[in-house]
Amino acid sequence: MNSLRLFVNGFLIGIANIIPGMSGGTLALVLGIYERLIGALRRIGFSTVKKLLGVLRFKRQAFTEAEAELRRIDFGFLALLGIGAVAALLLTSKLIVYLLNDHHDATYGFFCGLILTSILIPMRMLKGFGWKEALVLLIAVALIFGLSVGMGEKQLERVAYKTANETVIDDTAGGATRLPTYWELGLFFASGALAVSAMILPGISGSFLMLALGVYFPLLTAINSLIEGVPGLLKGTVNEAMLVGALILTCAAFGCLFGLLAFTRLLNYLLERYRNLTIAFLIGLMVGSLYGLWPFREFAMVDGERYDTAHILPQFDVNLLITVAAFLVGCGVIALFTRLEN
């Protein structure tokens with residue numbers, strides 16, 4: 001029964017982590033497992049990896065040391081939470097991609113409501129706000145704004161490339177699959193490290209950081225590509241989209257591992273030594289991401305895939321009303337979540 005409860009807790013934390021603006025750390029607080037979770041994660045280090053890899057020597061002492069290390073880091077607890085979180089990710093990723101493609105403006109409106117209201121959470125953590133905090137905040141805003149503009153230019157390049165080559169595209173998956181560049185793979189790695197570090201901080205959303213860095217939806221698409229490729233894999237066939245998805249997720253997974261082993265300690269150090277500046281930087285990231293979350297866009301459809309090309313002002317119509325309603329629902333969700341945390 002305790003195992004089932006931990007699995008359900010992990011499932012709920014997974015849902016919170018996949019929704020930008022909602023913090024898995026906050027939900028862990030609500031569920032009463034935050035201290036145990038943080039304690040277990042902080043015990044994981046490079047010595048843990050060394051002892052676990054030691055079993056490859058196939059010696060009894062190595063297996064004994066690995067077993068003792070797993071008990072020390074509370075592996076059973078972490079494993080059940082992790083399985084629940086992965087299950088939530090697999091079950092909800094397709095839904096979010098569907099909402100993005102078929103209900104784009106309302107979905108982005110909902111995310112805007114989540115992020116805008118979430119800004120109040122780290123703002124309450126500040127113990128003061130001076131010129132240093134303002135400078136760090138502006139740097140973070142400029143960083144995310146620059147990334148958003150850069151990603152927009154890449155979208156335009158992809159539309160131009162696909163449009164120019166659409167007559168020669170012939171792929172069983174519905175279009176040619178583009179291999180990610182080394183820069184993009186590095187970005188997936190870095191976002192994994194940042195996101196897993198943020199996920200353990202109450203009030204800070206890991207999926208929001210992925211969204212701000214422009215890798216949130218590509219990661220969801222990669223997950224869906226793997227899920228859709230499973231039937232073919234069982235028949236002995238592997239499509240290119242599945243291989244690309246596996247490559248992207250592998251880079252993100254290694255980034256998460258690196259974040260757990262190293263970046264969480266750096267983040268804890270920064271919060272202990274430069275708490276206000278660190279929180280101001282996180283607030284700047286959240287403010288800057290609102291530009292990239294603007295719901296109303298010009299877009300082009302190429303091979304059944306949507307590419308946003310420019311921000312536009314909304315027209316007063318039913319779509320605007322639905323988007324505003326979704327925005328208010330997003331605000332309400334975070335307000336309720338904050339009330340539960342309190």
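A disulfide is defined here as a pair of cysteine sulfur atoms within 2.5 Å. By this criterion, a search of the whole structure returned 0 disulfides. The structure is a predicted model, in which local features require pLDDT of at least 70 and side-chain atom pairs count only at pLDDT 80 or more, whereas totals for chains, interfaces and linings use all residues. Residues are numbered from 1 along each chain as its sequence is written, and side-chain values rest on heavy atoms, with hydrogens and water left out.

For C112, the closest cysteine sulfur belongs to C331 and lies 9.2 Å away, too far for a bond. C112 is buried at 11% relative accessibility, and C251 is likewise buried, with a relative accessible area of 18% (buried, under 20% relative accessible area; exposed, over 50%; partly exposed, in between; 1.4 Å probe, protein chains only).

The protein chain contains 15 helices and 2 strands, assigned as DSSP runs (helices, H or I, at least four residues; strands, E, at least two) and numbered from the N terminus. Of its 342 residues, 44% count as buried. The accessible surface of the chain amounts to about 18,300 Å², with 69% belonging to carbon and sulfur atoms (Shrake-Rupley method, 1.4 Å probe; for residues, only the protein chains shown count as cover). Among contacts with a separation of 6 or more, 76% join residues 24 or more positions apart, a contact being heavy atoms within 4.5 Å.

In helix α3, spanning residues 34-43, the buried residues are Y34, L37, I38, A40 and L41. Viewed down the axis of α3, these residues fall within an arc of 165° and therefore line one face of the helix, the arc being that of the directions from the helix axis to the C-beta atoms. E35 and R42 are exposed on the other side of α3.
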